[in-house]
Amino acid sequence: MDEQLTQLTTWYSDAPDDSRPSAEQWQSILRRPSDAPITLINFFKLRELADYKNAGATGQEAFNAYAEVSIPTMERVGGKFLFVGAFGGMFLGAAEDWDVIAIGSYPNLQALIDLYSDADYRKAFGHRTAACERQKVIVGNAMG
């Protein structure tokens with residue numbers, strides 16, 4: 001696990017702290033039972049203009065570039081999206097402001113690791129970072 005943790009944190013180390021899993025968050029994921037399904041609930045707030053050094057793309061355009069790679073890669077490793085859509089507001093709880101919600105499901109730990117280990121996905125992750133003003137990803141566990 002230590003070698004895998006080092007590799008994963010190194011691959012994503014150039015992303016800002018708030019847009020990549022920390023070493024502690026990776027440790028928590030890597031300690032999960034290897035055969036248990038994993039559900040990630042993603043909340044994205046997109047920038048008006050993407051945070052690229054030399055491009056005038058919008059946050060939505062950068063996010064679309066990320067999705068063009070991430071969706072087929074996720075499906076190839078065995079994952080699937082249960083929901084992807086626009087944030088529609090709060091029904092219960094404190095007010096929050098997001099643009100996109102995506103709920104992804106992975107059949108096991110290896111599928112998630114395969115996604116984050118994929119070379120094309122790692123390159124595309126820069127588009128996600130450029131696109132998002134902020135993001136939040138919650139890990140869900142099946143009950144019962």
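Student: Is the crossing of α1 and α4 left-handed or right-handed?
Tutor: First, the ground rules: this is a predicted model, where local features need pLDDT of at least 70, side-chain atom pairs count only at pLDDT 80 or more, and totals for chains, interfaces and linings use all residues. Residues are numbered from 1 along each chain as its sequence is written, and side-chain values use heavy atoms, with hydrogens and water left out. A crossing is left-handed if the near helix is turned anticlockwise from the far one by less than a right angle, and right-handed if clockwise. By that rule, the crossing of α1 and α4 is left-handed.

Student: And which residues of α1 and α4 make the contact?
Tutor: Helices here are DSSP runs numbered from the N terminus (H or I, at least four residues; strands are E, at least two). α1 covers residues 2-11 and α4 covers 109-117, with their axes 10 Å apart at an angle of about 40°. Contact means heavy atoms within 4.5 Å. That picks out Q4, L8 and W11 on α1, plus, on α4, I113, Y116 and S117.

Student: How are α1 and α2 oriented to each other?
Tutor: Their axes come within 10 Å and cross at roughly 135°, with axes fitted to C-alpha atoms, for helices over the stretch in contact, and angles running from 0 to 180 degrees between N-to-C directions. Under 35 degrees counts as roughly parallel, over 145 as roughly antiparallel, 65 to 115 as roughly perpendicular, and the rest as oblique. So α1 and α2 are oblique.

Student: How many nonpolar residues does the contact of α1 with α2 have?
Tutor: The crossing of α1 and α2 is right-handed, and its contact is built from Q4, L5, L8 and T9 of α1 with A23, W26, Q27 and L30 of α2. For the classes, Ala, Val, Leu, Ile, Met, Phe, Trp, Tyr, Cys and Pro are nonpolar, Asp, Glu, Lys and Arg are charged, and the others, Gly among them, are polar. No charged residues turn up in this contact, 3 are polar, and the nonpolar ones number 5.

Student: What about α4 and α5: how many charged residues are in their contact?
Tutor: The axes come within 6 Å and cross at roughly 70°, which makes α4 roughly perpendicular to α5. L115, Y116 and S117 of α4 meet A119, Y121, R122, F125 and R128 of α5. Of these, 5 are nonpolar, 1 is polar, and the charged ones number 2.

Student: Does F63 count as buried or exposed?
Tutor: F63 sits in helix α3 (residues 59-76). Beyond four places in sequence, F63 touches F44, L46, V100, H127, A131 and C132. Buried means under 20% relative accessible area, exposed over 50%, and partly exposed in between (1.4 Å probe, protein chains only). With a relative accessibility of 9%, F63 counts as buried.

Student: What is the relative accessible area of L112?
Tutor: L112 is found in helix α4. Leaving aside neighbours within four places in sequence, L112 contacts I29, I38, L40 and Y106. L112 is buried, and the value is 3%.
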